[in-house]
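Please look over the sequence and the structure before reading on.

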Amino acid sequence: MERSGMAWAVRFANLILMGAASILFLASLHTGYSYVWTHSKHFTHPQAILLYVGAPAAAGIVLFLCLRLQPLRKLKFVLSLASSVFAIYGAEYFLARIATHLDSLTAERVERARTLGVRFDSRSRIEVIEEFEKRKVAAVPAVTPFLLLNRAPGGELRSAVGHQETELLPLGGISQRPTVFCNELGEYVVYKSDEHGFNNPLSIWSSDRLDVAIVGDSNAHGACVEPERSFVGLIRNQITKTLTLGGNGNGPLLMLASLREYLPRLSPKYVLWFHCEGNDLGDLIREKNSPLLIRYLRTEFTQGLRGRQDAIDRVLQDFVDRERRAVKGGLSLSETLKLTRLRQSMGLVYGSARNAPAPIQPNPGDFDLFREILLRADRTASSWKGKLMFVYLPAWDRYNSHDAQSTKDREKVLNIVRQLQIPIIDIHEAFQNSKDPLAFFPFRYNGHYNHAGQELVANRVLESINAGAAF
């Protein structure tokens, strides 16, 4: 009986070893096919091919060789292997359960706030939304197009809320709802979205003609200060008919799309193009993979978004609900099997994740595309006799590290703008003249501008506008 039990255990161990080895070989082949052979996906680190192709194949060979071990050693090895796998997936489950909380915090910023005696709300954004819901307030997270663009087979970016035949890419959020945005100074920014889901006062869209319209990324969106204390709000205090189409994660193509979709009917006198040196070129490298966004550049294409807000609200609410269920459930089965959270925490994610930032190393073709986008934006604004102005926003790492990659392309960018004869408002010069540029960032740490930085930006922009116009 004892011998038959031993024989059964050995056969079971053999099945485990062969099954695990087969899975590792298949994983290696699948990864090699996608990332090396067809290039339908792309690694973001040269060592990834060793980790994701070579390592599984080598581990599979080891497991097949273990089939030749003596029965007792084989059983001990399989038990050790099972214990290790259990521990690894236990860590993955733990990280999945706390992921939303960890992702909402920047430990360094929280620590700096604590040393300055500043209370910092450490809740996740979902926890803030749930607190609103307890009070019967239907709050939503800020949803921007950056979050909706998924990498499809072949490397193209497609909207998560549409199909290839009927692709829909909203450029604003859910309309007329309390919107939970971000927290860098200690308290979450919450704003009531306008009729098209942007961070503006209600009824701004009823203006006959705007004086100022703003396009840009999270800075133009109002991150992460109260709306009335953002540079958009401060500009609006002086020039009432000011509207922002800013969206977190917007790069040059999304900025052009916003301009083309929403501004022609409002014919603003000034269009302020806010360029963030820290990420806009990197965002462009990613955005150029979207056939839909490229259409804004090549043709007179629009999605007609101004007349589709009811449909936009529905698809965005469905998207938010799906994302919340995914967060509540931790990870999907496929993500769990791939140890997504554990690899992220160890810095071993080298694949092309849905929203992984593109490497910020633009090539000459990217600068040509950037020039074409600005030219298109300038001509569009000129079509209603508006004036495009280029606002250059410096990044934190410019002042924290003199070797920052994001600052090395400054002159190339500004030369393109000068060649197009677009007026430049250079915020870097204003920051530099202050003698302490880091004082304009939250707790002197990486992030968006604090209240002092927002005020400086607004004052510099207003000076430039008022030098050429009276309101």
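Is Cys 224 buried or exposed? Cys 224 is buried, because its relative accessible area is 5%, and the cut-off for buried is under 20%. The model is a predicted one. The points below take the disulfide and the other cysteines, then the salt bridges.

**Disulfide**

- The count of disulfides in the model comes to one.
- Cys 182 and Cys 224 form this disulfide, with their sulfur atoms 2.0 Å apart.
- The bond links distant parts of the chain, 42 residues apart. Cys 182 sits in the loop between strand S4 (178–180) and strand S5 (190–192), while Cys 224 sits in the loop between helix H7 (218–221) and helix H8 (231–238).
- The disulfide of Cys 182 and Cys 224 is left-handed, because the torsion about its S-S bond is about -125°.
- Cys 182 has a relative accessible area of 14% and is therefore buried.

**Other cysteines**

- Cys 66 counts as buried, at 9% relative accessibility.
- Cys 276 counts as buried at a relative accessibility of 9%.

- The structure holds 15 salt bridges. One of them joins the side chains of Glu 133 and Arg 324, at 2.7 Å from N to O.
- Glu 133 belongs to helix H5 (residues 125–134) and Arg 324 to helix H12 (residues 309–328), so the pair links distant parts of the chain, 191 residues apart.
- Glu 133 has a relative accessibility of 35% and so counts as partly exposed.

- Arg 298 and Glu 372 meet through their side chains in a salt bridge, at 2.7 Å from N to O.
- This pair links distant parts of the chain: Arg 298 is in helix H11 (residues 291–298) and Glu 372 in helix H15 (residues 364–383), 74 residues apart.
- Glu 372 is partly exposed, at a relative accessible area of 30%.
- Arg 376 forms a salt bridge with Glu 300, and the closest N and O atoms are 3.0 Å apart.
- Because Arg 376 lies in helix H15 and Glu 300 in the loop between H11 and H12, the pair ties together parts that are 76 residues apart in sequence.
- Glu 300 counts as exposed, with 63% relative accessibility.

**Salt-bridge network**

- Side chains of opposite charge can pair when their charged atoms come close.
- A network of salt bridges links Arg 410, Glu 411, Arg 418 and Asp 426.

Methods. Residues are numbered from 1 along each chain as its sequence is written. This is a predicted model: local features need pLDDT of at least 70, side-chain atom pairs count only at pLDDT 80 or more; totals for chains, interfaces and linings use all residues. Side-chain values use heavy atoms; hydrogens and water are left out. A disulfide is a pair of cysteine sulfur atoms within 2.5 Å. Helices (H or I, at least four residues) and strands (E, at least two) are DSSP runs, numbered from the N terminus. Buried means under 20% relative accessible area, exposed over 50%, partly exposed in between (1.4 Å probe, protein chains only). A salt bridge is a side-chain nitrogen of Lys or Arg within 4 Å of a carboxyl oxygen of Asp or Glu.
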